[in-house]
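User: I have a model open here and would like to talk through it with you. Could you take me through the strands, a helix and the charged pairs?

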Amino acid sequence: MALQNLLNFLENGSVRTSVNFPRVDLPFDTPHRITLFYKDRANLWLDFVQLLTDQGLTVKEMTSNAKNGYSYALINTDLSVLSQAEIANLRQLLQDHGDIIRFRFLTNPSMNPEL
C-alpha cells in the first residue's frame with residue numbers, strides 16, 4: 001500500500017493516505033497537471049486561477065484540501081498550449097509567489113503528451 005501511495009503521488013500528484021499531508025485526489029484526465037503546496041489563506045484560489053488564466057491556460061478541473069494551515073492542490077490543464085518561454089515564465093511566477101512552498105508540473109503518463 002505504501003509503495004502504491006508513493007507511486008500515485010509521484011506520477012499523479014494524488015495523496016490518498018498521509019499522516020501530515022492533506023488528502024487530495026482527482027482523476028488525471030488532462031495532458032498535464034500542476035500541483036501546489038501552499039500556506040492556506042482566504043481567497044488564494046482566486047490568485048491561482050487569475051495567474052493561470054493570465055498565462056493563457058484553461059483550468060479544466062481543480063481541487064484542494066487543507067491541513068494544519070497548509071493546503072495541497074491539484075489543477076488539471078494542458079500546458080502544451082504554451083511555448084517553452086511561457087512555461088519558464090509560469091514556473092518563475094509560481095516560484096516567486098509568496099504563499100507557494102512547492103509546485104510541480106506533471107505530464108499524464110497515460111496520454112504521453114510532450115512538454
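**Strands, helix and salt bridges**

Analyst: This is a predicted model. Strand S2 (residues 61-67) and strand S3 (residues 70-77) run antiparallel and are joined by seven bridges.

User: What stands opposite Thr 63 in S3?

Analyst: Leu 74 is the residue opposite Thr 63. S2 and S3 form a hairpin with two residues between them, and in that turn Asn 68 has a positive phi of about 55°.

User: Switching to H3, which residues are buried there?

Analyst: Ile 87, Leu 90 and Leu 94 are the buried residues of H3. Seen down the helix axis they fall within an arc of 60°, so they line one face of H3. They pack against strand S1 (32-39), helix H2 (44-54) and strand S4 (100-107), while the face turned away from the buried side carries the exposed residues Ala 85, Gln 95 and Asp 96.

User: And how many salt bridges does the structure hold?

Analyst: There are three. In one of them, Asp 25 pairs with Arg 16, with the closest N and O atoms 2.8 Å apart. Arg 41 forms a salt bridge with Asp 47 at 2.6 Å, N to O, and Arg 41 also meets Asp 99 at 2.8 Å, N to O.

User: Where do Asp 99 and Arg 41 lie?

Analyst: Asp 99 is in the loop between H3 and S4, and Arg 41 is in the loop between S1 and H2, so this pair ties together parts that are 58 residues apart in sequence. Through shared partners, the salt bridges join Arg 41, Asp 47 and Asp 99 into one network.

User: Is Asp 99 buried or exposed?

Analyst: Asp 99 counts as buried, at 16% relative accessibility, whereas Arg 41 is partly exposed at 36%.

Technical notes: Residues numbered from 1 in each chain as written. Predicted model: local features only at pLDDT ≥ 70, side-chain atom pairs only at ≥ 80, totals over all residues. Heavy atoms only, no water. Pairing = 2+ DSSP bridges. Helix = DSSP H or I, 4+ residues; strand = E, 2+ residues; numbered from the N terminus. Buried < 20%, exposed > 50% of the residue type's maximum accessible area, 1.4 Å probe, protein only. Arc of directions from axis to C-beta. Contact = heavy atoms within 4.5 Å. Salt bridge = Lys/Arg side-chain N within 4 Å of Asp/Glu carboxyl O.
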